[in-house]
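Please find below my comments on the model under review. They are set out as numbered points, to be read alongside the coordinates.

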Amino acid sequence: MSAETPNPAATEAPVPVAGRSVMKRLVTNPMGAICLAYLLFVIFLGLSSPFLAPFQPNQADLNAVNAGPFEPGHLLGADSAGRDILSQLMWGTSQTLLGSVLVLTISVAAGVTGGLLAGFYRGKFETAADWVNDVIMSLPSIVLLIALYALTGPNVMVAMAVFGLLVAPTYYRLVRAVVVGVRTELYVDAAKVVGLSDQRIIGRHVLWAVRAPVVIQSSFILAAGIGIQAGVEFLGLGDPKQASWGGTLQNANNNIYNNRFGVLWPALLVTLTILALVLLGNVLRDVLQSSARNKTLRKDRRRELARKAQQERTAATSDLPAQDVVLSIRGLRVGYPDGPDSVREVVHGVDLDVRRGEIHGLVGESGSGKSQMAFSTLGILPKEAVILGGSIYQGGEDILADDKSMKKARGHRIGYIPQEPMSNLDPSFTIGAQLVYGLRAVKTISAKEAKKQLTTLLAKVGIRDPEGIMRLYPHEISGGMAQRVLICGAVAADPDLIVADEPTTALDVTVQAEVLELLRQLSKERGLAMILVTHNLGVVADLCDTVSVMKSGRIVEHNDVESLFEDPQQDYTKELLESTRRVELLEV
Amino acid sequence: MPSPILEVKNLDVTYTGRHGLSKKVINDVSFDLHPGETVSLVGESGSGKTTIGRAILGLAPVTSGSITFCGETISNISRSERRRIARGIQVVFQDPYSSLNPSMTVEDILVEPMQAAGASGGRDRVRELLDSVGLPSDSGSRYPKEFSGGQRQRIAIARALALDPAVIICDEPTSALDVTTQARVLALLKDLQQQTGVAYLFISHDLGVVNLISDRIGVLYQGSIVELGEHVATKPQHEYTKRLQMAAPVADPKKQRERRAARLKLLADEKVGAGRL
């Protein structure tokens with residue numbers, strides 16, 4: 001509850017990937033299906049060469065020297081020695097497949113194992129493994145492979161094995177980073193406590209987390225392997241007696257003046273195969289790392305909904321709110337996409353009035369829609385949220401009706417106090433810089449003047465050394481202090497209304513009492529109205545004048561604070577009160 | 001009085017930072033826990049309450065002092081030794097979202113401890129566990145993300161119960177839950193204690209919650225226990241406990257007004273007292 005996110009969809013963890021559904025989603029994705037089909041075709045080409053290839057790889061046919069494409073018997077033509085290009089490519093395919101699988105096996109074995117161990121145990125092993133990986137990454141692989149030729153002679157498989165070791169750091173870094181994150185997860189701690197051995201924790205919990213990134217990376221590594229192999233062969237470092245993609249390309253290239261089309265086929269094969277693998281990698285990333293259902297709304301549908309809401313607004317006979325009302329919400333409805341066409345409504349037509357100087361408590365449990373109300377008022381709903389209808393009047397204008405009045409209201413007339421003080425301060429700027437920047441964005445005053453005003457105000461919100469604090473960075477102050485700084489920023493522009501979203505939930509109870517005291521004092525001094533979103537009925541009893549109780553997107557009960565606590569009408573309010581009072585210390 | 005099942009004596013925990021700077025987070029903490037009893041440690045952030053729990057579980061290093069479970073020392077022992085002796089201490093963590101592996105079904109999560117212990121029972125035991133924490137018996141084949149926060153915490157409790165532990169360390173088990181859910185989970189923990197006789201070490205920041213569930217309460221402040229006893233929540237002796245108690249707002253505007261006044265008076269008195277010194 002304390003971590004209520006504005007977006008219900010965002011709370012969902014990435015889907016656990018079960019083998020079958022991944023395959024299904026891969027095939028139903030058009031790009032994935034095309035890439036997969038092409039790669040299967042290449043594999044078929046390689047495996048079937050002993051049976052289907054029209055010629056042996058080195059079988060020369062002197063009648064067909066430099067034959068062009070589509071000549072009888074030689075579909076793709078023949079090279080300068082009269083060898084059939086199609087047959088050479090087919091025989092070369094198995095060679096290429098073998099080479100890239102070798103690269104993959106060796107790099108995964110070395111990189112993933114190293115990354116798992118380094119990330120899980122850390123310490124000296126990690127330091128050493130990091131060093132080794134840095135050294136390997138600094139080696140130029142092509143130069144190394146050429147140098148290797150002097151040692152081993154024309155042996156592409158050895159070259160590929162070495163290349164596998166050279167790309168292993170890619171896996172190592174990827175896996176280590178993921179594992180370092182996973183090892184601090186509570187479920188790993190829980191596994192330790194129930195007595196699982198390290199091998200089982202790694203095998204069961206950690207390996208699962210690295211599975212998806214490794215699969216995606218493998219697609220790219222296979223592509224790199226094929227490219228390097230063709231390159232090495234093209235440079236003439238391959239075995240000339242064996243057919244290969246790179247070798248065929250080299251022959252055709254040397255003979256380009258006699259047979260212009262010879263280079264086309266091997267070049268096309270290498271390019272398309274690499275392209276298919278890279279694109280497959282991208283599709284795999286989408287399939288493995290996105291959430292289960294596609295929950296983005298189609299753009300035209302979104303526009304249509306916005307238009308409908310606007311029409312409703314203009315059609316509505318607006319009963320103009322009373323004079324002293326600073327904020328008036330009428331029939332607010334908010335929804336979130338459920339699919340490309342459907343929207344799930346989470347706030348169902350809520351009305352709310354806040355008068356000058358009134359502190360209005362908006363209570364409810366997680367998912368009740370209370371934060372959605374606050375975010376709508378501030379115009380900071382998550383991007384995918386849709387306002388389905390209703391109006392928010394602020395100073396006589398409907399701030400939902402056009403963006404300009406929303407911008408004008410925000411900061412000037414409405415201030416915001418967030419739940420997490422620390423994450424709402426930018427860690428790379430000093431407190432002073434942020435406050436001055438914020439104030440000058442809404443008021444046309446000099447930096448010096450802004451600084452002077454803010455220093456006075458900081459002292460007022462209970463900060464003892466305001467000038468010293470202005471020079472500090474957010475990480476140098478406590479959470480309670482940060483919340484005071486944010487309160488200072490919210491009231492600096494002298495707004496009529498403050499929206500405070502669980503302003504004390506992240507704070508210790510003793511600090512909470514101080515912050516509540518401060519809010520009460522500010523409201524009294526400045527005639528400031530406040531919407532206080534909270535789950536804590538104690539906080540409401542302490543600070544608020546009026547209360548609205550929210551449940552599943554509706555206000556179920558609304559009253560002044562004393563009547564509501566003394567004589568709750570709704571069963572839900574009673575249940576909330578009872579649950580709260582059960583864990584309360586009354587006898588002081 | 002029977003001998004304590006868990007005994008913490010003069011516990012110190014010091015973390016060494018990057019540049020050899022060390023920070024003492026737990027300072028000379030001693031307490032014990034008897035079978036079937038609930039002892040709570042209450043304190044604010046940075047008081048070290050979670051570190052004590054983690055030290056007992058072997059997840060944080062013990063710098064000096066000793067922790068004994070059933071008469072055997074369990075501080076600074078190897079993982080394999082811990083597996084042998086300390087299986088009787090289990091845990092329920094605060095965050096029901098990251099404490100369950102999202103890729104495992106509920107059944108896999110509950111079977112895991114039993115497999116690790118080489119215990120049998122399997123499916124029947126899973127159904128029994130789900131039943132005891134009030135979840136439908138067909139929950140086993142579902143994934144954690146299909147459950148609400150309160151239900152997930154029930155799954156975590158079932159996992160802790162799987163090995164019939166003598167002690168469960170509850171590290172803020174209800175602070176991430178809604179208040180109505182919190183009430184239900186606390187009632188469940190009490191029921192389970194009556195049925196199984198398990199002892200709880202309950203860690204929380206909320207004096208009210210602690211008062212409801214505990215036999216004895218220890219108040220932590222900056223790594224030390226400032227007060228430990230049966231009536232700490234209702235009749236606090238130490239100044240800090242009083243401040244803590246006064247700071248929690250009551251869900252009743254009139255009573256809260258009185259409490260607020262009392263708190264401000266207490267703070268003013270303290271200031272005067274400090275001024276005189």
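1. The pLDDT is the predictor's confidence in each residue, on a scale from 0 to 100. This is a predicted model, in which local features need pLDDT of at least 70 and side-chain atom pairs count only at pLDDT 80 or more, while totals for chains, interfaces and linings use all residues. Residues are numbered from 1 along each chain as its sequence is written, and chains are lettered from A and ligands numbered from 1 in the order in which they are written.

2. Chain A has a mean pLDDT of 88, with 94% of its residues at 70 or more. Over residues 1-18 of chain A, however, the pLDDT is below 50. Where pLDDT is low, the predicted coordinates should not be read in detail.

3. Helix α6 of chain A covers residues 156-182 (helices are DSSP runs of H or I, at least four residues, numbered from the N terminus). A kink of about 35° lies at A:V167, shortly before the proline A:P169; the bend is the angle between axes fitted to the seven residues ending at a residue and the seven starting there.

4. A:V178 is also in helix α6 of chain A. A:V178 counts as buried because it has 20 C-beta neighbours inside 10 Å (buried: 20 or more other C-beta atoms within 10 Å, with C-beta atoms placed from the backbone). Not counting residues up to four places away in sequence, A:V178 touches A:A209, A:V210 and A:P213 (contact: C-beta atoms, placed from the backbone, within 7 Å).

5. In the interface, 47 residues of chain A are in contact with 56 residues of chain B. Elements giving two or more residues to the chain A side include α7 (186-193) and α8 (198-234).

Methods: Expected span 1.5 Å × (residues − 1). Buried ≥ 20, exposed ≤ 12 C-beta atoms within 10 Å, placed from the backbone. Contact = placed C-beta atoms within 7 Å.
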